[in-house]
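Hi,

Here is the structure I said I'd send over. Have a look first, and then read on for what turned up in it.

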Amino acid sequence: MTLEVKNLKVEFPSRRGTLTALDGVSLSIARGEVLGVVGESGAGKSLTGLSIIGLLEPPGRIAGGEVWLEGKRIDGLPPEEMRRVRGRRIGVVFQDPLTSLNPLYTIGQQLEETILTHLPLGKSAARERALSLLAEVGIPAPEARYDNYPHQFSGGMRQRVVIALAIAAEPVLLIADEPTTALDVSIQAQIIELLKRLARERGTAVMLITHDMGVIAETSQRVAVMYAGRIVEVGPVREVIKSPLHPYTVGLMGSIPKISMSRTRLVQIDGAMPRLNAIPAGCAFNPRCPKRFARCIEERPDLIGAARSSACWLHAAS
Amino acid sequence: MPLLSLRAVSRDFDVSRPLLDRVLDGEPRRMLRAVDDVDLEVNPGETLALVGESGSGKSTVARLIVGLYAPTSGSVTFSGRRMQMIFQDPYASLNPRWRVRDIVAEPMRILQTRKDVAELLRQVGLSPEDAERYPHEFSGGQRQRISIARALAGEPDLLVCDEPTSALDVSVQAQILNLMTELQRRLGLTYVFISHNLAVVSQVADRVGVMYLGRIVEISPAAEIFSRPRHPYTRMLLDAVPDLELSGRPRTPVAGEVPNPLSPPPGCVFHPRCPHANERCRTEKPQLLRNVACHAVAEGRI
């Protein structure tokens, strides 16, 4: 396994007591695999990514659990060591490419700096490598664009540059947090292709965090569905989409509009996800769940099952 | 008779640098044509959706319809009494210092009419007690419900909705889309629905206009657009939508990007990305002909 997260717990101390933002999140990603992490705002998907790369903003803190990268435990590493892991072993792509690029430097300078920081290469070898990275992510005429500044690129091209930066040091893991959300649908399709190719050709493990099940359907082998700080269902993409187990996943899949020839009423999950300070006892989804019964209100279900699992008492072997 | 019609509507924006800089560098004025020669009609009781990517001009059309922009040329004719607009961002479109009661009642103050705020709130799935609360106490989906209640308070014939669900989570989006469909059935509303999301559009629209770089390239009944797209751009857009059904249907990979609207390509604006472009496409602008603006379609080449 390239990445293994075991029972991760993240807390935010606040004046009115400690809020648990992630509660027992476990997941793993193999070499060359794309794992999709899907959920709505506040489900904890971005927080999971940030905790893995050690960029949790204080006062948030990891209160329990372990993060393993290629057999080495990386949670709790000293900041300087963690900084080397980030960039060298783990590449990161965020939603807005402009937050990852420095507007005052050319993209060539930014790529070279990253390469020189993480790899034992000389200046001219770094330039060679930067050019081949730009070609690999699909920037046309990389020589000509090398000395351009970020503002001279379109949104889609900027995201390609960010991906080039993220993979510059040949990381074993790429964490992409909503990498296509700010992009138009035709550009989104091209970035999806690029991410898939990276996983296939370089063997990079990819954690793709998004609210968009469609993007996950196109890219991932497996998907983890998050709700209120927990993973409620994990399994192969096709199975989770075609026959979801958890009632939340069922509702989520039904509420996604699909291209259809007729106007139909969408499946609706009434209510909204609970806030962190008001997570109900038992299963966090129970107040919105059409199938709840007594046990759901009293006892919190854990993920049950191996390759295909869901955290729901309906599917617990009694 | 159509409720709303746009005839040869264009809108330019002046994007020149400041006068002094221009004079010093000997630069001409620069105009950006955001909407170029758009014709469309909206009939009472129907939903016309406009889809397109960023820079296609769809939001500018919405603003031209409600009169937030004046057309540079062409005319907008509205034969109804009133229209209202619903915006994308439910955080920016509600005054944070007003109670929901005052927000919803604002159109009535202006129109000098009286409607029951409690009833309006109930109509959009909120409770009458919500009238005394402030916008920050509500989630994004609930705020969009407040925007809809405010729009209904103005007793509109036409509702112009600019990406009304794009800022919402998917389960909340489903709630709002269902609500809008119900209200239309109950109140006989007419919608102009602007969206970048083809799947959303297929759920709400009777007719769909596809926009690219300020022009309508195809406008047809929704069932036709989604089952037999004719313009190469419409086909490309549909192919780019992620395939949730995992049907493995064959799709052509998407190439290229929308060109800079400051210097649109000559001829058909889509020709640099079009697999069917020929010499005529590179020089002559296609006009809408039986709902499609494409030389290749008109000549029967595709």
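This is a predicted model: local features need pLDDT of at least 70, side-chain atom pairs count only at pLDDT 80 or more; totals for chains, interfaces and linings use all residues.

Chain B first. It has eleven helices and nine strands. Its radius of gyration is 21 Å, close to the 19 Å that the globule rule gives for 302 residues, so chain B is as compact as a globular protein of that length. If you want a box for it, the C-alpha atoms fill roughly 65 × 60 × 35 Å along the principal axes. Of the 302 residues in chain B, 44% are buried. As for contacts in chain B between residues at least 6 apart in sequence, 67% of them join residues at least 24 apart.

Over in chain A, there's an open sheet of four strands, with antiparallel pairing and the order 2-1-4-5. The edges are taken by strand 2 (17–29) and strand 5 (72–73) of chain A; each has a single partner strand, so one side of each is left without a neighbour in the sheet. Strand 5 of chain A pairs with strand 4 (residues 61–69) of chain A through two bridges, in the antiparallel sense. There, A:W68 sits opposite A:R73 of strand 5. Packed on this sheet is helix 1 (residues 45–52) of chain A, which touches strand 1 (3–14), strand 2 and strand 4 of that chain. The direction of helix 1 makes about 75° with that of strand 2 of chain A.

Back to chain B for helix 5 (residues 140–153). Is helix 5 of chain B enclosed or open? It is largely enclosed by the rest of the structure, because 13 of its 14 residues are buried. After helix 5 of chain B comes B:E155, with a positive phi near 45°.

In soluble globular proteins, nonpolar side chains tend to be buried together. The largest nonpolar core here holds 178 residues, and the members touching the most others are A:L208, A:Y227, B:V104 and B:V192. Helix 8 (residues 185–202) of chain A gives the most to this core, with eight residues. Leaving aside residues up to four places away in sequence, B:V104 touches B:V117, B:L120, B:L121, B:I146, B:A149, B:R150 and B:A153.

Cheers

Methods. Residues are numbered from 1 along each chain as its sequence is written. Chains are lettered from A and ligands numbered from 1 in the order in which they are written. The radius of gyration is taken over C-alpha atoms; the globule rule is 2.2 Å times the number of residues to the power 0.38. A residue is buried if 20 or more other C-beta atoms lie within 10 Å of its own, exposed if 12 or fewer, and partly exposed in between; C-beta atoms are placed from the backbone. Two residues are in contact if their C-beta atoms, placed from the backbone, lie within 7 Å. Two strands pair if DSSP finds at least two bridges between them. Axes are lines fitted to C-alpha atoms, for helices over the stretch in contact, and angles run from 0 to 180 degrees between N-to-C directions. A nonpolar core is a set of buried Ala, Val, Leu, Ile, Met, Phe, Trp, Tyr and Cys residues joined through C-beta atoms within 7 Å.
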